[in-house]
Amino acid sequence: MLLVGGGGAYAYWSTTGSGTGAAANAKSNGTLALSAHLADSLTPGASVPVTYSTNNTGTSSLKVATISQTGTTDAPGCVFADNFTIAPSVVSDTRVMRTPRNQTAVDVTITGTSTLEFLDTPDDQDAWKGATVTLTLTSN
């Protein structure tokens with residue numbers, strides 16, 4: 001009687017290996033959506049503080065160093081630069097943390113303010129009554 005085994009035989013060759021893997025880091029993580037906050041009812045000769053906030057929906061923390069702003073108005077024929085002054089705001093290299101994964105973005109107040117001044121010029125400024133002033137922000 002002949003007995004046949006129920007197992008299988010395995011053979012292999014031993015060897016060595018080597019290789020590499022690479023991935024490029026992102027060139028950018030997008031941009032921040034900056035918001036300016038200022039009080040209503042500005043009058044000639046008065047000024048109001050401007051504060052800022054933002055949210056970061058990107059995948060890493062971002063830094064804001066300086067915020068510059070330009071202005072426009074909805075008053076026909078009124079030139080912003082002739083009637084208002086506003087200086088860039090240094091925000092002390094504020095680090096805006098990324099939003100934790102799978103969470104809704106939240107506004108982050110940026111430490112730094114600027115002042116919007118409505119100049120009191122010798123011209124008739126009635127055209128500015130009720131006008132909306134809009135600031136456009138950029139940062140670096």
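What percentage of the 140 residues in the protein is buried? Here are some notes for you.

1. Buried residues, meaning those under 20% relative accessible area (1.4 Å probe, protein chains only), make up 27% of the 140. Please keep in mind that this is a predicted model, in which local features need pLDDT of at least 70, side-chain atom pairs count only at pLDDT 80 or more, and totals for chains, interfaces and linings use all residues. Residues are numbered from 1 along each chain as its sequence is written, and side-chain values use heavy atoms, with hydrogens and water left out.

2. On to the fold: the protein has 1 helix and 7 strands, in the order β-β-β-α-β-β-β-β along the sequence. Helices (H or I, at least four residues) and strands (E, at least two) are DSSP runs, numbered from the N terminus.

3. Leaving aside residues up to four places away in sequence, Ile67 touches Leu34, Tyr52, Pro88, Ser89, Val91, Ile110, Leu137, Thr138 and Ser139; contact means heavy atoms within 4.5 Å.

4. Of the contacts between residues at least 6 apart in sequence, 77% join residues at least 24 apart.

Key
Buried < 20%, exposed > 50% of the residue type's maximum accessible area, 1.4 Å probe, protein only.
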